[in-house]
Amino acid sequence: MDFTTLTIKVLKMLSFAGSYGLGIILLTIIVRAAMWPLGLSQQRSMRTMQLLQPKMKAIQERYKSNPQVMQQKMMEFYKEHKFNPMAGCFPLLIQMPIFILLYSTLMSPQFIQIAGDSPFLFIKRLDATLKTSAGISQNGTLGVSKYDTFMAGKTAKVYLKGVDEPLDNVKIEKPTKAVEVQGDLIPGETADFKVSLDSLNLKFSQLDQIEKAEINVTDVQTKETEKMTFVRKDGILISSIPTIEVKTAFHYDVLLLIALFAVTMVFSQKAMMAMNKNAEQDEAQKAMQKSMNTFMPIMLTFTFIIIPIPAGVLLYLISSNIFQVIQTVIINKQLEAEDEKKANKVDDIDLANAKKIQEK
């Protein structure tokens, strides 16, 4: 079982009352909550760097003419304060594979086949992009455009000669290349498809006994899936299905999701800036940070308008951004309390020392 299939199984378990949208949100919360200690470590490291920044800058200014000595002094400074400048990067490196796994799962054909046409709140389909031509799955007619491409499901139901019970869940090798269109694809006319016997993961003796196979075929462009029966003929499996021409539609619900992503990202950036409000920065650093915080949300928003991103992926990104804002605010307050406690402890020590000096 691959990680994508495992993630989809977990998503099914979390999809109460068949709501895959709710399942996406819950899965995002669970993953982000599990990584909370990493977020705490990252923000603590960033805060420590902010507090040490003036002294670090002083060392850099003092030894700027001698880079070798400067590097040595910086290492001694890190060791003295028990600070690892790379500590803030490690949590991010650990989180990235998890984020990529969730992202690739929601983009995968397996998820689209299972839950692509699922609605959630104002979202009509979780597989819909901003501008798409999604068809209606499993209605016996395939909505196509002239240059569409197709892929098979991961498994097939295979019927063998002389065997009463079919073989379920027969693995299909290379699903993205298993299904081929025979002849020209003309919307509105019957389309013919073929599948090579070698695409089925069976023993050689079983391949010779195949009579027919039931295979899910997905239009990569429209995300529509139809279960088709392929019959053996001349050493290959062939099937035909009526088609209709699909027209591109604009999905305003996806546009709203993109807008919500932009808003939640802005709030996430502001939360991070609030954490840096006490840090000493020169005007150039402040201008650069302000420019990045403005540019990044705009750049990503326009990227999602140009590049088709399914609604389910946008829902995941929005949920992740909201969690990030809450996490940043809570951890920042926790770190401020820790700093205040340390400051009070230092003041108590100084006061005690002052009393001792007065008594002497």
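1. In this note, a residue is buried when its relative accessible area is under 20%, exposed when that value is over 50%, and partly exposed in between, with a 1.4 Å probe and protein chains only. Asp 234, with a relative accessible area of 73%, is therefore exposed.

2. The model is predicted: local features need pLDDT of at least 70, side-chain atom pairs count only at pLDDT 80 or more, and totals for chains, interfaces and linings use all residues. Residues are numbered from 1 along each chain as its sequence is written, and side-chain values use heavy atoms, with hydrogens and water left out.

3. The protein chain holds 11 helices and 11 strands; these are DSSP runs numbered from the N terminus, helices being H or I with at least four residues and strands E with at least two. Of its 360 residues, 38% are buried. With a contact taken as heavy atoms within 4.5 Å, 72% of the contacts between residues at least 6 apart in sequence join residues at least 24 apart. The accessible surface of the chain is about 21,400 Å², and 60% of this belongs to carbon and sulfur atoms; such areas come from the Shrake-Rupley method with a 1.4 Å probe, and for residues only the protein chains shown count as cover.

4. Helix α1 covers residues 3-14, 12 residues in total, and spans 17 Å from its first C-alpha to its last, close to the 16 Å expected at 1.5 Å a residue. That expected span is 1.5 Å times one less than the number of residues. Buried positions in α1 are Thr 4, Thr 7, Ile 8, Leu 11 and Leu 14. Viewed down the axis of α1, the buried residues fall within an arc of 115°, so they line one face of the helix; the arc is that of the directions from the helix axis to the C-beta atoms.

5. A nonpolar surface patch consists of Ile 298, Phe 302, Ile 305, Ile 306 and Ile 307, with about 510 Å² of accessible area together. Patch members have over 30% relative accessible area and no salt bridge; like charges are joined within 9 Å, and nonpolar side chains (Val, Leu, Ile, Met, Phe, Trp, Tyr) within 5 Å. Phe 302 belongs to helix α10 (residues 283-306) and is exposed, at 53% relative accessibility.

6. The whole structure contains 3 salt bridges, each defined as a side-chain nitrogen of Lys or Arg within 4 Å of a carboxyl oxygen of Asp or Glu. In one, the closest N and O atoms of Asp 168 and Lys 157 are 3.9 Å apart; Asp 168 in strand β4 and Lys 157 in strand β3 (residues 150-160) are 11 residues apart. Lys 157 is partly exposed at 30%.

7. Another salt bridge pairs Lys 194 with Glu 180 at 4.0 Å, N to O. Lys 194 is in strand β6 (residues 191-196) and Glu 180 in strand β5 (residues 179-182), so the pair ties together parts 14 residues apart in sequence. Both are partly exposed, Lys 194 at 29% and Glu 180 at 42%.

8. Asp 208 and Arg 232 also meet in a salt bridge, at 3.9 Å, N to O. Asp 208, in the loop between α8 (204-207) and β7 (210-219), is 24 residues from Arg 232 in strand β8. Asp 208 is exposed at 53%, whereas Arg 232 is partly exposed at 27%.
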